[in-house]
Amino acid sequence: MQAVNILPRDIPVPPMLRENTGVTVRLANVSRSFDGNRVLNNLDLEVRPGEFVSIVGKSGCGKSTLLRLIAGLDRPTTGSVTVDGVPAERAGDRLRIMFQEPRLLPWASVADNVAVGLREGPDPTAVECALASVQLSDKAGDWPAQLSGGQRQRVALARALVSNPKLLVLDEPLGALDALTRLTMQNLIRDMHAKAGFTAVLVTHDVAEAVALSDRVIVLGQGGILHRVDILRVGPVRRGSAEIAAIEAEIVDAIFAA
Ligand SMILES: Nc1ncnc2c1ncn2[C@@H]1O[C@H](COP(=O)(O)OP(=O)(O)OP(=O)(O)O)[C@@H](O)[C@H]1O
């Protein structure tokens, strides 16, 4: 386990996000089998309030399976997954999910797509603020088909955050974007997280992305956690720095040691 210190930077406050303390996610002795094949084996993990944890690992090692359990979309074969002490499938409005595809409604405007994230009825101010925070105020009346891939994913981020969730579950949300758009989105997600303080769990194939965004990176291998790296972040990531390169190398080594 290793810690890296990074210098502070000034981040503008996204208007719709109130500070919240995030939730605790706890997996206790979790196993998940499919047709007798055990994908996750007696896994223990605690994600602290406001922590940003990334899960990396070889293809097929069970990352999405783990994320689906945390999001309450699936249940463990044995063990428990709780969000602030409540079974994950009952976390309700505390939790929002972002997928690789933006999953927007093609027949609804950008603003109406963001409003889908509100469960407690219409709130035009919250929608406006959410769109402003992803720099899409001028697209509120457009259709999803009129947007670029990166803009669509920004709408999905605004929809996920408009209700000020306490847990954001991210399943490779930037995987389909080009490299530059991906970097922009990483900064946006990091800024939102830094200001709002929600708990976040990300699955990514991109080790650099995991290091750039996270407080902690979990390396998953067949059945369980192989390695954990803490990143003590008190400021911006200096991409390409020796410290970052070393921590990325440590993670890559852990993935391939499996
Ligand atoms: N619903 C399911 N039914 C049967 N097997 C499943 C199911 N979901 C996942 N699996 C199996 O569990 C294993 C882990 O799958 P999972 O999608 O969690 O891996 P992953 O690490 O996310 O992979 P990738 O990086 O390729 O997305 C795979 O062998 C997969 O075939």
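**View 1. Helix H1 against the sheet.** H1 lies across E1, E2 and E4, running at about 125° to E1. The model is predicted; local features need pLDDT of at least 70, side-chain atom pairs count only at pLDDT 80 or more, and totals for chains, interfaces and linings use all residues. Numbering starts from 1 along each chain as its sequence is written. Helices (H or I, at least four residues) and strands (E, at least two) are DSSP runs, numbered from the N terminus. Axes are lines fitted to C-alpha atoms, for helices over the stretch in contact; angles run from 0 to 180 degrees between N-to-C directions. Residues are in contact if their C-beta atoms, placed from the backbone, lie within 7 Å. Six of the eight residues of H1 are buried, so the helix is largely enclosed by the rest of the structure. They are Lys-63, Leu-66, Leu-67, Arg-68, Leu-69 and Ile-70. Buried means 20 or more other C-beta atoms within 10 Å of the residue's own, with C-beta atoms placed from the backbone. Just after H1, Gly-72 has a positive phi of about 75°.

**View 2. The ligand shell.** Around the ligand sit Phe-34, Val-39, Gly-57, Ser-59, Gly-60, Cys-61, Gly-62, Lys-63, Ser-64 and Thr-65. H1 (residues 63–70) supplies the largest share of this shell, three residues. By class, the shell has three nonpolar, six polar and one charged residues. Here Ala, Val, Leu, Ile, Met, Phe, Trp, Tyr, Cys and Pro count as nonpolar, Asp, Glu, Lys and Arg as charged, and the others, Gly among them, as polar.

**View 3. The open sheet.** Four strands line up in the order E2-E1-E4-E5, with antiparallel pairing. E2 and E5 (86–87) are the edge strands, each pairing on one side only. Two strands pair if DSSP finds at least two bridges between them. Seven bridges join E1 (residues 25–34) to E2 (residues 37–47). Val-30 has Leu-43 in E2 as its bridge partner. E1 and E2 form a hairpin with two residues between them; in the turn, Asp-35 has a positive phi of about 50°. Five bridges join E1 to E4 (residues 78–83). In E4, Ser-80 stands opposite Ala-28, and Val-81 is the bridge partner of Leu-27.

**View 4. The surroundings of Glu-209.** Glu-209 belongs to helix H6 (residues 207–213). Glu-209 is buried, with 21 other C-beta atoms within 10 Å. Neighbours within four places in sequence aside, its contacts are Leu-174, Gln-186 and Thr-204. Leu-174 is 35 residues from Glu-209 in sequence, but 9.4 Å away in space, C-alpha to C-alpha.

Conventions
Near = placed C-beta within 6 Å. Buried ≥ 20, exposed ≤ 12 C-beta atoms within 10 Å, placed from the backbone. Contact = placed C-beta atoms within 7 Å.
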